[in-house]
Amino acid sequence: MEMSNRQYEILIVEDNPGDLELITEFLEEQSVSLHIFHAKDFKECKNLLTVEKLAVNVILLDLSLPDKNGASLILEMMDISPDIPIIVLTGYADVRFSVNSLALGISDYLLKDDLSSSSLYKSILYSIERKKKSIELEESEKRYSNLFHLSPQPMWVYDLETLEFLDVNDAAIEHYGYNREEFMAMTIRDIRSEEDIPELEAAMLFIKNSDQNHFDGTFRNRKKSGEFIRLDIKANKIWFKNREANVVLATDITDRLNYIKAIENQNEKLKEIAWLQSHVVRAPVARLMSLVGLIKNYENTEEEQNELLDYILMSARELDDVIRSISNKTNKI
């Protein structure tokens with residue numbers, strides 16, 4: 001099994017010339033496109049990586065260097081080369097230490113006595129790919145974190161089983177009035193009123209039993225001040241810190257709903273005004289027209305004339321009252 005034709009830049013940190021030669025031979029057996037760098041101690045290695053800015057694909061590290069060794073060496077190496085996979089090559093078979101070394105962040109732990117060109121190649125290849133995937137995952141998590149925490153809309157993550165808040169963004173903290181510590185001590189029940197709990201439980205039952213990862217709906221929440229708001233909720237199931245959770249994007253639609261309600265009330269008043277104009281105004285106007293017709297087309301006694309004039313005045317006053325009512329309703333709108 002041979003390495004691909006891509007160029008591999010490898011740094012060997014080794015103070016033993018015999019081990020260096022053996023490792024180099026193993027590498028050259030596997031690849032014809034290879035560039036090997038060498039450092040005999042930690043100081044030289046640090047200079048190559050931090051001062052000369054040497055870019056390599058992988059570091060093969062001996063744990064017993066003249067100027068540093070063991071766990072402290074691993075920690076220093078992780079500090080100066082966090083994005084480069086490190087494979088420890090050692091002559092000491094210490095299972096506990098090897099496990100601890102892997103926990104510190106190294107990619108692999110190989111015994112020199114068991115080393116072969118094939119095992120070294122596999123370790124290098126797998127370590128490079130694992131590190132690449134790890135970096136991609138970290139970048140993905142960072143993008144998620146930025147989208148979450150920098151969102152201008154309130155967002156939170158809660159545990160689907162316990163309903164505990166697992167994370168909240170700054171927009172949620174500002175909008176609801178709770179600080180982060182208060183949120184982390186609460187569940188999503190605590191931002192609902194008692195009368196809204198049955199609706200919440202029904203929604204949670206639906207989410208748990210649904211095959212869909214997405215859920216949306218409109219719900220009422222309560223701020224720390226006691227003010228109630230209406231929210232358009234969009235949620236997605238995710239795994240968060242090894243817990244099944246929902247990430248929620250909440251859009252406050254309280255003002256929008258209040259505006260719609262105001263428009264509806266306004267429309268009702270406009271309908272009432274239209275009805276007044278088409279029905280109530282018509283009655284006195286029709287009477288006035290009839291009364292004018294009686295005066296104009298018929299000879300009336302003085303008494304009848306005065307009576308008709310009184311009816312005209314009464315109708316005019318009625319019409320005036322109707323117009324005033326319409327004017328008042330219009331001003332209120």
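User: What volume does the largest cavity have?

Analyst: A cavity is, on a 1 Å grid over the protein atoms alone, a set of points where a 1.4 Å probe fits but cannot get out. Grid points are joined across faces, edges and corners, and the volume is the space filled by probe spheres set on the points. In this structure the largest cavity has a volume of about 140 Å³. This is a predicted model, in which local features need pLDDT of at least 70, side-chain atom pairs count only at pLDDT 80 or more, and totals for chains, interfaces and linings use all residues. Residues are numbered from 1 along each chain as its sequence is written, and side-chain values use heavy atoms, with hydrogens and water left out.

User: Which residues that line the largest cavity are closest to its centre?

Analyst: Lining residues have an atom within 4 Å of a point. There are 16 of them here, and Tyr-158, Ile-188, Arg-192, Ile-233 and Val-248 are the closest to the centre.

User: Which elements each supply at least two residues of that lining, and how do the lining residues divide by class?

Analyst: Helices (H or I, at least four residues) and strands (E, at least two) are DSSP runs, numbered from the N terminus. At least two lining residues come from each of strand S6 (155-159), helix H8 (197-209), strand S8 (214-222), strand S9 (228-240) and strand S10 (243-252). H8 gives the largest share, four residues. For the classes, Ala, Val, Leu, Ile, Met, Phe, Trp, Tyr, Cys and Pro count as nonpolar, Asp, Glu, Lys and Arg as charged, and the others, Gly among them, as polar. The lining of the largest cavity comprises 13 nonpolar, two polar and one charged.

User: How many cavities of 30 Å³ or more does a search of the whole structure find, and what lines the second largest cavity?

Analyst: The search finds two. The second largest cavity holds about 30 Å³ of space, and its lining consists of Phe-206, Ile-207, Ser-210, Gln-212, Asn-213, His-214, Phe-215 and Lys-237. H8 and S8 are the elements that give two or more residues to this lining. By class, three nonpolar, four polar and one charged residues are present.

User: Why does the span of helix H5 agree with its number of residues?

Analyst: The expected span of a helix is 1.5 Å times one less than its number of residues. The 33 residues of H5 (residues 117-149) should therefore span 48 Å, and the end C-alpha atoms are 47 Å apart, which agrees.

User: Is Asp-83 buried or exposed?

Analyst: Buried means under 20% relative accessible area, exposed over 50%, and partly exposed in between (1.4 Å probe, protein chains only). Asp-83 has a relative accessible area of 52%, so this residue is exposed. Asp-83 is located in the loop between helix H3 (70-80) and strand S4 (86-90). Contact means heavy atoms within 4.5 Å; leaving aside neighbours within four places in sequence, Asp-83 is in contact with Lys-131 and Ile-135. Lys-131 is among the buried residues of H5.

User: Which residue in the loop between S9 and S10 has a positive phi although it is not a glycine?

Analyst: Asn-242 lies in that loop, and its phi is about 65 degrees. With a relative accessible area of 76%, Asn-242 is exposed. Leu-163, also not a glycine, has a positive phi of about 65 degrees. Leu-163 is found in the loop between S6 and strand S7 (165-168) and counts as buried at 5% relative accessibility.

Definitions and conventions:
On a 1 Å grid over the protein atoms alone, a cavity is a set of points where a 1.4 Å probe fits but cannot get out, and a pocket is an open set with protein on both sides within 12 Å along at least five of seven lines; lining residues have an atom within 4 Å of a point.
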